[in-house]
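Please consider the structure shown below with attention to how its side chains meet. The discussion passes from charged pairs to aromatic rings and then to helix packing.

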Amino acid sequence: MSITVSLATTEEQSEASAFIFADSSEAEREIQIQEFLESINGSNSDQHQILIARESGTLVGAGVLVFTDTATAFFWPPFSQSNDCADAILQEMVRRIDRSGVSIGQSLLSPRQLQQRKLLTRNGFPHLTDLLFMRHPLTNLSQSRLPVQKPLEWVQYDEQQNHQRFLDLLDQTHQSSHDCPVLNDIRTAEESLVSHRSSGDSDQRYWYLFHRAGIDLGVLLLSEHQADNVWEVVYMGVAPEQRGHGYGTAFIQHGLQQAQAQHQSAVILAVDYKNSFAIKIYEDLGFVRQNTLSVHARLRSQFPEKKPNIN
């Protein structure tokens, strides 16, 4: 019999959730299922999608696809013991991601998950890059090594007052970037801003544009994660003609000081493991390496066309 994959109905979501968390301990399983269903039902029905695979009417696999914004989708590798079933679920994800028109559909895996990484690659989600995750405990800020320079001026993001100014500078900072540079070819500055806005809980409250003597230098976009009492650097960029003057270091130091003033426990970030220049800045400022995850992704450049519907 053939395997069929479909979007789980409301009635099927509990069955799918039990399948997804089947390997959890009995004590944890019910809590995990309840929290998972609450997250699904508490959002737009098109945003969180549970896919189920059946063979002869029996549930044999499940997948979770989340559209975090109009530019980005995340998914979990399929929950199934069958390679054929996992292939079928991923192919359905491919169709849904392609129809959505998002710029990237991605999943994060441990570099050691070789079988799952091969599974994603052969189904249209090749390896994009590895991300190094780092954390700053917000201690010893005064000992961070900063270049000697005059203080920078900065403004916070205001959608009515400086939205286009942020977009223009974001576009500039993407030029010759070493941080996942392939993304600059598949999404606009507006889509990047939308994607950054969906990170964390604070929207754009802690977005900064730095300037001096009437010249815009770069941007720092921070987001807070209230449950963990941490801030995240979701993006930092310096305009090409302003690079090499220590501005990136100054931007990050500003963010660390703001986070400390707001009584955060740490600042976190993820950086392309090939971006050695940025990694050195972060380590000089006191960030510590935590772990590395591999990004497997389907990019818009691989899509036949962009369409606006995710149903």
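**Side-chain contacts and helix packing**

Glutamate 92 and arginine 96 lie 4 residues apart in helix α3 (residues 83-100), so about one helical turn separates them. Their side chains are joined by a salt bridge in which the closest N and O atoms are 2.9 Å apart. Both glutamate 92 and arginine 96 are buried. The model under discussion is a predicted one.

In total, 12 salt bridges are counted in this model. One of them joins glutamate 15 to arginine 54, with an N to O distance of 2.8 Å. Here the partners come from distant parts of the chain: glutamate 15 belongs to helix α1 (residues 10-20) and arginine 54 to strand β2 (residues 48-55), 39 residues apart. Glutamate 15 has a relative accessible area of 36% and is therefore partly exposed, whereas arginine 54, at 17% relative accessibility, counts as buried, the limit for burial being under 20%.

A further salt bridge connects glutamate 224 with arginine 205, the closest N and O atoms being 3.2 Å apart. This pair also links distant parts of the chain, since glutamate 224 sits in strand β9 (residues 215-225) and arginine 205 in the loop between α6 and β8, 19 residues apart. Glutamate 224 is buried, at a relative accessible area of 9%, while arginine 205 is partly exposed at 45%. Salt bridges with shared partners also join Glu12, Glu15 and Arg54 into one network.

The aromatic residues come next. A pair of aromatic rings is described by the distance of the centres and the angle of the planes. Across the whole structure, 10 aromatic pairs are found. In the pair of phenylalanine 75 and phenylalanine 125, the ring centres are 4.5 Å apart and the planes stand at 45 degrees, so this pair is classed as tilted. Phenylalanine 75 lies in strand β4 (residues 72-75) and phenylalanine 125 in the loop between α4 (114-122) and β6 (127-136); the pair thus links distant parts of the chain, 50 residues apart. Phenylalanine 75 counts as buried at 3% relative accessibility, and phenylalanine 125 is buried with a value of 0%.

Tyrosine 206 and tryptophan 231 provide another tilted pair, because their ring centres are 4.2 Å apart and their planes meet at 35 degrees. Tyrosine 206 is in strand β8 (residues 206-212) and tryptophan 231 in strand β10 (residues 230-238), so the pair ties together parts that are 25 residues apart in sequence. Both tyrosine 206 and tryptophan 231 are buried.

How are α5 and α6 oriented to each other? Helix α5 (residues 163-174) packs with helix α6 (residues 189-197) at an angle of about 100 degrees, and the axes are 9 Å apart. Angles of 65 to 115 degrees count as roughly perpendicular, and α5 and α6 are therefore roughly perpendicular to each other. On the α5 side, the contact is made by His163, Leu167, Leu170, Asp171 and His174, which meet Ala189, Glu190, Ser192 and Leu193 in α6. Sorted by class, the contact of α5 with α6 comprises 4 nonpolar, 3 polar and 2 charged residues.

Key: Residues numbered from 1 in each chain as written. Predicted model: local features only at pLDDT ≥ 70, side-chain atom pairs only at ≥ 80, totals over all residues. Heavy atoms only, no water. Axes fitted to C-alpha atoms, helices over the stretch in contact; angles between N-to-C directions. Helix = DSSP H or I, 4+ residues; strand = E, 2+ residues; numbered from the N terminus. Parallel < 35°, antiparallel > 145°, perpendicular 65-115°, else oblique. Contact = heavy atoms within 4.5 Å. Nonpolar A, V, L, I, M, F, W, Y, C, P; charged D, E, K, R; others polar. Phe/Tyr/Trp six-rings, centres within 6.5 Å; stacked < 30°, edge-to-face > 60°. Buried < 20%, exposed > 50% of the residue type's maximum accessible area, 1.4 Å probe, protein only. Salt bridge = Lys/Arg side-chain N within 4 Å of Asp/Glu carboxyl O.
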